[in-house]
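Hi everyone, thanks for coming. Let's look at this one together, starting with the overall form and then moving to the places where parts touch.

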Amino acid sequence: MSQGVAITGMGIISAIGNNVAENFRSLVEGKKGISRISKINTIHKDAIMVGEIEYTNSQLELLLGLTPNNNYSRTGLLGAIAAKEAVANAGIKNIATYKTGLISATSVGGMDMTEQYYYDYLEHETHRRYIASHHAGDSTQKIAEQLGINKSLVTTISTACSSAANAIMLGARLIKSGQLDRVVVGGSDCMSKFTINGFKTLMILSDTYNTPFDENRKGLNLGEAAAFLVLESDAVAKVENKPILGYVKGYGNANDAFHQTASSDHGDGATLAMEKALQVAGYTPKDIDYINAHGTATGNNDLSEGRAIIRVFGEEVPDFSSTKAYTGHTLAAAGAIEAVYSILALQNNVIFPNLNFKTQMNEFNITPQLELKEKTLQTVMSNSFGFGGNCSTVIFSKNQ
Amino acid sequence: MKKVYINSIASISPQKTFDNSEFLDEVIIHEDQVFFAIEPVYKEYIPPAAARRMAKGIKMGVAASKIALQEANLEQVDAIITGTGMGCLRDSEKFLSGIIDNNEQFLTPTSFIQSTHNTVGGQIALELQCKGYNFTYVHDSNSFESALLDAKLQLELEEAEHILIGGVDELADHTTKLNKIIHHIKDEKASSNNLLDSKTKGTVFGEGANFFVLSNKKQASTYAEVVSVKIFNTLSQNELAETASNFLKENNLTVEAIDAIVLGNNGDVEFDRFYNELSSKLFSNTQQVCYKHLIGEFNTASPFGIWLASKTLKTQSIPSVLKRNDKNTSSLNTILLYNQYRGENHSFTLLKSC
């Protein structure tokens with residue numbers, strides 16, 4: 001079996017809670033964070049539902065102790081909150097003690113500000129400070145600043161909805177190869193009019209609660225969220241005598257090479273990603289106890305992913321569920337959100353239910369886990385697939 | 001650990017660089033606030049029907065990837081890793097202005113689909129039917145260097161044999177306007193002839209796509225060995241010399257061993273001090289090479305530095321238009337590159353002839 005990379009901290013902010021404990025409580029209680037949109041004025045407000053985070057930008061700025069003239073996008077604000085929780089959870093007092101990097105993921109970046117002031121910038125000076133925070137890397141630079149990560153390897157990944165899974169994968173590889181002693185990995189995406197309208201034109205937004213893996217699924221709910229993990233080398237974890245939350249045991253990345261926005265009918269890319277991850281972990285399909293599926297509740301994803309799962313696991317598909325019904329689809333952050341949920345599942349030996357499911361899909365006979373289930377878990381597989389054919393799978397384990 | 005080689009290069013830039021048989025034989029002197037890319041005839045690389053749907057950045061990226069594959073004599077690669085600072089800007093602007101101008105109505109999905117940062121990486125995978133590892137880095141002036149670092153790691157550990165990497169960014173009108181009002185673009189036009197000696201704030205913006213095939217096997221077409229690449233989110237001016245020295249030390253090199261240093265000067269009086277810190281002190285006796293006066297500044301301008309360093313190592317020559325000083329270099333075997341943008345996201349890259 002191959003060596004896993006130790007996870008020593010995690011942090012999250014999502015529509016179902018502002019920290020890890022709140023998220024766990026909502027998951028166990030089956031409490032969804034999906035509602036009508038309140039923070040963005042869109043003509044689609046009665047036609048869509050979203051997973052919004054309660055805090056306003058001003059409240060987030062206050063929590064971070066930022067001055068009013070800061071130029072953090074909401075992506076940066078959410079990311080900083082979640083990353084700080086992860087670092088605190090890892091018991092890190094001085095981040096500079098070890099060679100520490102940051103890998104973040106985003107698809108929206110600073111679009112939330114750009115779309116508000118796009119023409120206003122030309123007329124008035126008031127908000128021009130946000131022009132330079134539009135690009136995707138800016139939110140990551142801000143998170144690094146908040147964590148005190150300086151003079152270090154800091155980068156950003158944007159592979160649509162698989163972004164954060166790729167950030168975790170890269171972080172694990174950098175630790176394994178000895179390039180870093182410690183790395184904070186995850187992703188952040190805030191809600192924006194840009195993404196709402198984008199997904200609206202693709203006609204994959206549900207007008208009601210999203211229903212992953214249901215025959216009558218109507219599409220996804222967009223969500224905003226951020227989550228980060230702290231990964232540490234064995235040497236650091238040992239010296240510091242840290243409690244280890246779990247391990248990044250395997251990872252796989254593949255491209256579906258089928259269509260810019262749609263998944264192939266039989267999930268070629270997804271199948272490859274899962275197989276590669278099993279191979280890196282040194283596992284066979286039987287070793288997987290639970291799959292946290294991508295399960296966006298679009299017609300295309302759930303069919304393609306379900307078929308891919310059957311291709312990989314055959315007759316013995318493990319318990320699986322999508323947690324998108326709780327949070328909505330949090331795009332580039334999804335892989336990190338679901339990494340936190342996977343670790344919570346391992347820590348608490350519990351499988352979170354796939355909410356809102358009513359009708360079995362016709363194309364296959366696998367059914368997601370519908371009730372909260374207590375079960376000893378050793379391993380969890382987490383899938384994230386995105387536009388551009390990007391497919392990623394990460395496997396988490398309880399023990400080395 | 002395996003060594004990593006640059007087995008092919010491809011550059012589409014504001015100079016005529018897409019023909020690999022030339023090395024800036026004919027220099028275009030731009031005089032503007034933005035320098036646009038000189039494009040190849042795309043139908044040699046992309047089916048016209050597909051090209052019609054693609055914005056400039058996507059076309060440049062796909063064409064550059066084809067040139068790089070051809071020169072490496074490969075039909076397929078194990079992985080595709082791209083870097084882009086701003087992503088598919090033209091499609092983003094088109095979709096966003098559509099939202100605002102028409103109050104979220106009458107929108108079509110095409111520009112949204114093509115606006116995602118991984119569009120170029122996804123399109124290349126689609127064209128090649130490459131189901132391998134596919135990543136897109138979007139980190140300001142370190143977007144390309146992140147891709148380079150990732151590819152190098154995989155090749156060293158033999159997780160892959162051939163990897164296509166590239167950097168691509170395109171100019172777009174509204175973003176140009178915005179960068180003018182915040183003076184990140186100079187208030188006045190600048191010429192390729194004197195941009196680097198400019199005494200004003202801001203720079204000129206450019207665009208382009210620079211792609212390479214990296215492999216852990218040397219072949220006839222090989223240009224250089226990628227010895228090391230390191231990125232830093234922050235560095236202050238007074239930490240720079242020490243950081244550069246340490247980088248050389250880690251690679252068992254002294255300043256004297258560097259035959260040329262490629263610097264990312266862009267004529268911004270506020271930020272060229274970082275480059276000057278190295279060129280006026282530690283590397284004052286080293287052959288200094290600059291290139292942004294020819295192609296402008298953009299988040300993935302730095303791989304043009306890798307392109308010219310690769311050319312230099314292979315041809316053992318440096319076009320005079322690139323030289324900032326004139327040192328007699330008997331042979332050109334080791335080249336150091338340093339880049340940053342507005343004082344952030346610094347990178348050091350070391351190439352060696354082979």
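**Overall form of chain A**

For 400 residues, a compact globule would have a radius of gyration near 21 Å, and chain A, at 20 Å, agrees with that. The radius is taken over C-alpha atoms, and the globule rule is 2.2 Å times the number of residues to the power 0.38.

Please keep in mind that this is a predicted model, where local features need pLDDT of at least 70, side-chain atom pairs count only at pLDDT 80 or more, and totals for chains, interfaces and linings use all residues. Residues are numbered from 1 along each chain as its sequence is written, while chains are lettered from A and ligands numbered from 1 in the order in which they are written.

How much of chain A counts as buried? Of its 400 residues, 64% do; buried means that 20 or more other C-beta atoms, placed from the backbone, lie within 10 Å of the residue's own.

In domain 1 of chain A, 65 residues are in contact with 54 residues of domain 2 of chain A; contact means C-beta atoms, placed from the backbone, within 7 Å.

**Between the chains**

Finally, the contact between the chains takes 53 residues from chain A and 49 residues from chain B.

Conventions: Contact = placed C-beta atoms within 7 Å. Buried ≥ 20, exposed ≤ 12 C-beta atoms within 10 Å, placed from the backbone.
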